[in-house]
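Colleague: Please take one part of this model and go through it closely. I would like the ligand site.

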Amino acid sequence: MNLNTIIEKFEINGEILKTEIYGSGHINTTYRVTTTEDEYILQKVNTAVFKNMEQLIENVAGVTAYLASAIEACGGNPRRETLQVIHTRDGQNYLKGEDDFSYRMYYFITDASCYDTVEKPEHFYESAVAFGRFQALLAAYPAETLHETIPNFHHTAKRFDTFCKVVEQDTLGRVASAREEIAFVMEHGTDMPVLTDMLEHGELPLRVTHNDTKLNNIMIDNQTGKGICILDLDTVMPGLSVHDFGDSIRFGANTASEDETDLSKVSLDLELYEIYVKGFLEGCQGILTENELKMLPMGAKMMTLECGMRFLTDYLEGDTYFKIHREGHNLDRARCQFALVADMERKWSEMEAIVQKYSPTKKI
Ligand code: ADP
Ligand code: GN1
Ligand code: MG
């Protein structure tokens, strides 16, 4: 099936004018579709990563419908403020392609932009408010109806076990080229289970979380500068609030981009960190427990360490999970994450003090 045939199978308005590959996500293949009447996003979902499309789309449809009614109740515009699944002409939430892939469609969010780096601190602040609000809004969502689209997605300890096995097997003989990075992960072995142990012991609550809160998964309104719509809902599932906080810090408060090769440019920008803490706590509207507040810095460190470990695992396994754009790309990404972890460790007391500063009513 060619792309136009696929697009025509969805309930679009108007004639197709243009289709272009779009965005810089690492997982799905995204197209921007312009018709004579409207604009859409078509995504070829990576079914090697998301193995159960039925469950994935059920999560997305459930969460977006819930968000749409909450937005409408507040007088907002659901068409711009949440993703909305566009049905196929035969009433399905997605299209099963002839190849192994599946396709789904959303309205394109217009008059808004998606950023790969923080161009203005206010954008980062507004993204923090929006991701915090997202969490507060979904606090009442029936979590038991959500499927785990990627099992143990942020179970860092299990990811560490996988990593150790991959290193031991060294199927592609790449271990020798990543000795320092592997040693860095191993040195952090005792950190790996900290947050998941707290969850298992009831010290951190299980919430409905986004699980992939990087800056390019949110649209910023071009006029108001507010975080208008949260994207990439494929990993919305029960998880930890500190992980949602942490993944945003990993990506947005790094002074360099995620795949920077000049590691002297990589550091934690404490001003951006502070801006995000302030915005996130405002957006969460007081729902976070004392333990959650206390563990926010740990969430940032663990998301960075885990992501680095995932990039490194993929490098060692032959780059089959994350899209790469050059040789050694995943190794570069991993190195960058580990340099950021090391800088967070140097700035640990400042990171804790900033959280304390914005948690005035709670002693942590
Ligand atoms: P991936 O899982 O590959 O990251 P995303 O769902 O995040 O896929 O989409 C990739 C990019 O496409 C986003 O970062 C954003 O730039 C753009 N995008 C996705 N959905 C929309 C939308 N509804 N409107 C406008 N842009 C979108
Ligand atoms: C992937 O899909 P995208 O590009 O928004 C990944 C995240 C990683 C991120 C690293 C489903 O996010 O977990 O943190 O890359 N998504 C999935 O940039 O694995
Ligand atoms: Mg994305």
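Modeller: Domain bounds here come from an automatic or database domain assignment. Domain 1 (3–110) and domain 2 (121–358) both give residues to the shell around ligand 1, so the ligand lies between them. This is a predicted model: local features need pLDDT of at least 70, side-chain atom pairs count only at pLDDT 80 or more, and totals for chains, interfaces and linings use all residues. Residues are numbered from 1 along each chain as its sequence is written, chains are lettered from A and ligands numbered from 1 in the order in which they are written, and side-chain values use heavy atoms, with hydrogens and water left out.

Start with the shell. It has 19 residues around ligand 1, counted as near if one of their heavy atoms lies within 4 Å of it. The closest are N28, Q43, I109, N216 and N217. By type, the shell holds ten nonpolar residues, eight polar and one charged. Ala, Val, Leu, Ile, Met, Phe, Trp, Tyr, Cys and Pro count as nonpolar, Asp, Glu, Lys and Arg as charged, and the others, Gly among them, as polar.

Now the polar contacts, meaning pairs of N or O atoms within 3.5 Å. A side-chain N or O atom of D232 sits 2.9 Å from an oxygen atom of ligand 1. Y107 uses its backbone: an N or O atom there is 3.0 Å from a nitrogen atom of the ligand. Taken alone, ligand 1 exposes 550 Å², and the protein buries 96% of that. Those accessible areas come from the Shrake-Rupley method with a 1.4 Å probe.

How values were computed
A polar contact is a pair of N or O atoms within 3.5 Å; within protein, one must be able to donate a hydrogen and the other to accept it, and residues adjacent in sequence count only if both atoms are side-chain atoms.
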